[in-house]
Amino acid sequence: MSFTLPDLPYAKDALAPHMSAQTFDFHHGKHHQTYVTNLNNLIEGTDYAGKDLVEISKEAFAKKDMGVFNNAAQVWNHTFFWNSMTPNYAAPSGDLAAAIDKSFGSLDELKTKFTGAGATRFGSGWAWLVQKADGGLDVVSTANAELPQLEGLKPLLTCDVWEHAYYLDYQNARPKFLEVFFDNLANWDFAAQNLAG
Ligand code: MN
């Protein structure tokens, strides 16, 4: 069975003006689709076929099978990223808000760490809010297609900091894009579901 491009969880113009329909046309319709197509072509008839995206990513990363790794991980990362945003922003509440306060002191401090991690990632990659094995929360950034599960971390929320994620709407202003993501687009309900799940 091959992978298919998942639909966006909202209309492609639902996040405007923070993220434009044109960005989704390219980022979802072209970039994400290309990772899906490449992955299907690479794994057809191999031992990877039939496994889930995280299994394929971990196995391919361990084997340094970078073509399969990059495409499988990027298919998973992008689906997680679309779900990490919402047109109906609401601040963290309940258990998630308590966990943020415990690990970071405040949502403002988490914002400083998260936007800093994304802004200082050299080249392409991702900023993540994660849960560690000890239950505490942390912020990490990963390079290129890498995902937190490779380090045994549970992803709660992510922002794509590849240039293709923000260039049409923000040109080179990656820090501005991260700030808008954090203050306007972050889907804290999704993060709370991941924390509970
Ligand atoms: Mn991307």
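1. The side chain of Ser 57 has a polar atom 2.7 Å from the backbone oxygen of Leu 53. A polar contact here is a pair of N or O atoms within 3.5 Å; within protein, one must be able to donate a hydrogen and the other to accept it, and residues adjacent in sequence count only if both atoms are side-chain atoms.

2. The model is predicted: local features need pLDDT of at least 70, side-chain atom pairs count only at pLDDT 80 or more, and totals for chains, interfaces and linings use all residues. Numbering starts from 1 along each chain as its sequence is written, and side-chain values use heavy atoms, without hydrogens or water.

3. Ser 57 sits in helix 2 (residues 53-62). Helices are DSSP runs (H or I, at least four residues), numbered from the N terminus. Ser 57 counts as buried because its relative accessibility is 0%; buried means under 20% relative accessible area (1.4 Å probe, protein chains only). Beyond its neighbours within four places in sequence, Ser 57 contacts Phe 69, Ala 72, Ala 73, Leu 147 and Leu 150. Contact means heavy atoms within 4.5 Å.

4. Helix 4 (residues 94-104) and helix 5 (residues 107-120) have axes that come within 8 Å and cross at roughly 70°. Axes are lines fitted to C-alpha atoms over the stretch in contact, with angles from 0 to 180 degrees between N-to-C directions. The two helices are therefore roughly perpendicular, a term covering 65 to 115 degrees. Ile 100, Asp 101 and Phe 104 in helix 4 meet Leu 107, Glu 109, Leu 110 and Lys 113 in helix 5.

5. The axes of helix 1 (residues 21-43) and helix 3 (residues 66-83) come within 9 Å and cross at roughly 140°.

Notes
Parallel < 35°, antiparallel > 145°, perpendicular 65-115°, else oblique. Buried < 20%, exposed > 50% of the residue type's maximum accessible area, 1.4 Å probe, protein only.
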